Amino acid sequence: MGGNGASVRRRQGVVGVHSLQRFDLEVPSLDEAGRFYRAFGLDVRESGDTLELRVHGDAHCWGVVHGGGAKRMRSVTYGIHADDADAFAARIASAGAGLAPPSHGNRDGLWLADPDGVAIQLVVAPNVSPAAKSPPSPVTQAPPGHGAAPARSRVAQVRPRRLSHLLRFTPDVPRMVGFCTDVLGLRLSDRSADLIAFLHGVHGSDHHIAAFAKSDGPGYHHSSWDVGSLDEVGRGSEQMRNAGYGDGWGVGRHVLGSNYFYYVRDPWKSWAEYSFDIDYVPVDVDWRAADHPPEDSIYVWGPPLHPEFIVNHETRA
Ligand SMILES: [Fe+2]
C-alpha cells in the first residue's frame, strides 16, 4: 500500500513511522557476507563497494552490507507518510537529536541519532509493513496413499518473503523505548522488566519491527526474515547446516510475538532469524502492552537456550 488519498493505511491523528525500510550493516568481509546471505535464501547483489539484500522476486532493498570494519549497525531506515515530515522534523529538533546526513550513500530524508548513537534515517516511502498478518504459504495436500513430505534430494531452497524486524543490544532499554515512542512514534508491544522490549508501528505492522535487549553496550543482535511455514523454518535450519553454518538456536516458538523461529549464527557472531507466524497489530487495534516475567521473554518451547544467544560480542571486541 502507500501512495496517497483514501487508500493510505494510517491511524488518524498520530505521527509515527509506518515501516522498517532497511538496515545498513558494516562487517569485516563482504565475501563472507555474500556467502552467508545467499545460503540464507536472499537475493544478494553487488552494488559499488556494498552488497544489497533483497528477497527473491521483489525489488525492495532491505539491507545494505558495507565491508571493511568490525561488525556494527551503521544506520536503520524507517518509512514515514509525506504529510508527517514536518512534524517529525520538529520532534527531532526539540529532542536535539538531529544528525548531518552521512557523507556518502543515500542521504535522503531526515537523519537523527538514537540514544546509542546509531544513525536513524526517516524517508517518505511506500509502506512496506504488511497490511495484515502474513498468510501461510499454500500447502499442497497429499492425496491418500501418497507421502506429504518433500524428498530431501529435491527440496527447494527456503527463501524469505520479507524483512520483519531487527533486534539490537542497548545499555538502557527504557531510554531506548522512550526515544522510539516519543520521537519515532512506535508503540510498545511487550516487555520484560528493563531486560527486553518489542515495539510496533502505529499504522499496522508485525508485533515488533524494532526490539531491544539489555547489554553492557550497543550492538546488533539479529535481523528477522519472514517465511511461509513452520516447515520452512525447519528446512531453513537444515539449509544453513548443509551450507556450513551449523551453529544456531531453534527450532522453537516465542511467547512475545508468538513466532516460530530458528536463529542461525552469522560469521560475526550475531544472528539471522527465520520467522513464521508472528503476531500482527492492525492499524485500528490498540495492542495491550504488558510487562512479562523474564521466563516468558525468550520462548515457549525449543532446545535449551544457546549459551551465547544474549552475548554481545561487539562490546567484547
Ligand atoms: Fe526476532
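How do the residues of the lining of the largest pocket divide into nonpolar, polar and charged? They come out as five nonpolar, 10 polar and six charged, where Ala, Val, Leu, Ile, Met, Phe, Trp, Tyr, Cys and Pro count as nonpolar, Asp, Glu, Lys and Arg as charged, and the others, Gly among them, as polar.

A quick note before the views. This is a predicted model, so local features need pLDDT of at least 70 and side-chain atom pairs count only at pLDDT 80 or more, while totals for chains, interfaces and linings use all residues. Residues are numbered from 1 along each chain as its sequence is written, and side-chain values use heavy atoms, with hydrogens and water left out.

**View 1. The largest pocket has a volume of about 450 Å³.** Its lining has 21 residues, and Asp24, His66, Arg74, Pro102 and His104 are the closest to the pocket centre. At least two lining residues come from each of S1, strand S3 (50–54), strand S4 (63–67), S5 and strand S7 (119–124). S5 gives the largest share, four residues. Strands here (E, at least two residues) and helices (H or I, at least four) are DSSP runs, numbered from the N terminus. For the pocket itself, picture a 1 Å grid over the protein atoms alone: a pocket is an open set of points with protein on both sides within 12 Å along at least five of seven lines, a cavity is a set where a 1.4 Å probe fits but cannot get out, and lining residues have an atom within 4 Å of a point. Points are joined across faces, edges and corners, and the volume is the space filled by probe spheres set on them.

**View 2. Three residues coordinate the iron ion: His165 (NE2), His222 (NE2) and Glu273 (OE).** The distances run at 2.1 to 2.2 Å; donors are N, O and S atoms within 2.8 Å of the metal (3.2 Å for Na, K and Ca), and since water is not among the atoms, sites may look incomplete. Along the sequence, the donor spacing reads H-x56-H-x50-E. Histidine 222 in strand S13 (residues 219–226) and glutamate 273 in strand S16 (residues 271–276) are 51 residues apart, so this pair links distant parts of the chain. Histidine 222 and glutamate 273 are both buried, meaning under 20% relative accessible area, with exposed over 50% and partly exposed in between (1.4 Å probe, protein chains only).

**View 3. The largest cavity has a volume of about 60 Å³.** The count comes to three cavities of 30 Å³ or more. Among the residues that line the largest cavity are Ser19, Trp62, Pro130, Arg162, Asp206 and Ile209. Strand S1 (19–27), strand S8 (162–170) and strand S11 (205–206) each supply at least two residues, and S8 has the largest share with three. By type, the lining of the largest cavity splits into six nonpolar, four polar and two charged residues.

**View 4. The second largest cavity has a volume of about 40 Å³.** Val76, Tyr78, Leu166, Arg168, Ile209, Ala210 and Phe212 line this one. Strand S5 (72–80), S8 and strand S12 (210–214) are the elements that give two or more residues to the lining. Six of the lining residues are nonpolar, none polar and one charged.

**View 5. Phe36, Tyr37, Phe40, Tyr245, Trp268 and Tyr274 are linked by ring pairs into a cluster.** The structure holds 17 aromatic pairs: rings of Phe, Tyr and Trp (its six-membered ring) pair if their centres lie within 6.5 Å, with planes under 30 degrees apart counted as stacked, over 60 as edge-to-face and the rest as tilted. Phenylalanine 36 and tyrosine 37 sit edge-to-face, 5.1 Å centre to centre with 80° between the planes, and both are buried. Phenylalanine 36 also pairs edge-to-face with tryptophan 268, at 6.4 Å and 70°. That pair links distant parts of the chain: phenylalanine 36 is in helix H1 (residues 30–40) and tryptophan 268 in the loop between strand S15 (260–265) and S16, 232 residues apart. The relative accessible area is 0% for phenylalanine 36 and 9% for tryptophan 268.

**View 6. Tyrosine 280 lies in strand S17 (residues 280–281).** Tyrosine 280 counts as buried because its relative accessibility is 11%. Proline 130 is 150 residues away from tyrosine 280 in sequence but 9.0 Å away in space, C-alpha to C-alpha.
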